[in-house]
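Q: I would like to learn how to read the salt bridges in a protein model. Could you take me through them step by step?

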Amino acid sequence: MIGEHVIVGYTGESGGRDALALGAAITRVTGGELTVAAIYPPGSPGQAVEAQANLAHAAEELGGAPAEYMAFESRGPGRGLSVLASRIRADLIVVGSADGGQNGRISIGATSDHLLHLSTEAVMLAPAGYQPPDEPARLTLAYVHRPQCDEAVERVAQAALRLGVPLRLITLDLRTEDPGRLGDDLALAVRLAWESTGIEAEAEIADGHDVAAALETLAWQPGELLICAASEDAQPHRVFLGELAMKVLRASSCPVTVLPRGFS
């Protein structure tokens with residue numbers, strides 16, 4: 001289950017604080033390790049000092065909660081987080097939204113864009129201004145009938161079972177597909193969740209003229225986490241977010257986790 005070792009990409013901006021709050025909430029639930037990282041460019045002593053100052057602020061925000069703090073030199077924040085996550089064997093990278101985006105929604109910046117197309121670890125993004133509750137309420141997997149999603153059904157069902165929360169599988173009907181086939185595919189996914197873990201997953205088809213409209217037809221609980229599988233275009237053991245999943249991410253009002261291809 002993801003969350004055994006979480007690394008948070010921290011900055012002194014609002015997105016960094018949102019990521020810190022979410023990462024800390026995840027590890028409180030899973031009992032996992034928390035690493036807070038500040039990335040700075042090479043050959044920049046001033047920014048190295050700023051990174052250390054940001055980590056000191058992060059420690060204050062966590063109020064004594066156990067965490068490791070690391071300043072790490074890299075040519076880019078996304079690359080640095082991915083490299084550092086591999087080195088310390090983190091299984092989840094948490095980042096916030098880029099500044100200037102809509103409150104309550106996820107805005108993609110350069111750091112998250114890099115991670116969503118190259119990370120070898122699962123990536124979780126926090127909506128702007130997100131305040132995590134004490135406990136997760138439900139895991140929702142965006143399902144499309146393909147091998148990566150079938151694999152994700154089993155993994156996310158196992159996570160829901162361990163966390164003691166419901167599992168929901170959703171499929172979007174954007175009025176370009178056969179709704180009967182979508183329903184059949186979703187029924188098979190529900191069966192897969194049951195056969196692999198014994199969990200009875202909820203299933204919903206969201207109908208709309210576009211992704212945002214379809215997602216608005218669904219009820220979302222406080223503490224909900226939305227999960228997407230990597231695209232078929234992803235390299236093995238890497239994240240690569242496809243066009244449809246990117247639209248889902250941008251329209252989501254809850255945190256979104258993207259699993260690498262071949263996630264285990």
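**Reading the salt bridges**

A: Let us begin with a single residue in this predicted model: aspartate 185 has a relative accessibility of 11% and therefore counts as buried, the cut-off being under 20%.

Q: Which side chain does aspartate 185 meet in a salt bridge?

A: The general idea is to look for a side-chain nitrogen of Lys or Arg within 4 Å of a carboxyl oxygen of Asp or Glu. Here the partner of aspartate 185 is arginine 181, with 3.0 Å from N to O; both belong to helix H6 (residues 179-197), where, being 4 residues apart, they are separated by about one helical turn. Arginine 181, at 37% relative accessibility, is partly exposed.

Q: How many salt bridges does this rule give?

A: The count comes to 8. One of them joins glutamate 4 to arginine 162 at 3.3 Å, N to O. Glutamate 4 lies in the segment before strand S1 (5-9) and arginine 162 in helix H5 (residues 147-163), so this pair ties together parts that are 158 residues apart in sequence. Glutamate 4 is partly exposed, at 34% relative accessible area, whereas arginine 162 is exposed, at 56%.

Q: Which residues are linked in a network of salt bridges?

A: The network links Arg138, Arg168, Glu202, Glu204 and Glu224. Within it, the side chains of arginine 138 and glutamate 202 meet at 3.1 Å, N to O; because arginine 138 lies in strand S6 (residues 138-142) and glutamate 202 in strand S8 (residues 202-207), the pair ties together parts 64 residues apart in sequence. Arginine 138 is buried, with a relative accessible area of 5%, while glutamate 202 is partly exposed at 31%.

Definitions and conventions:
Residues numbered from 1 in each chain as written. Predicted model: local features only at pLDDT ≥ 70, side-chain atom pairs only at ≥ 80, totals over all residues. Heavy atoms only, no water. Helix = DSSP H or I, 4+ residues; strand = E, 2+ residues; numbered from the N terminus. Buried < 20%, exposed > 50% of the residue type's maximum accessible area, 1.4 Å probe, protein only.
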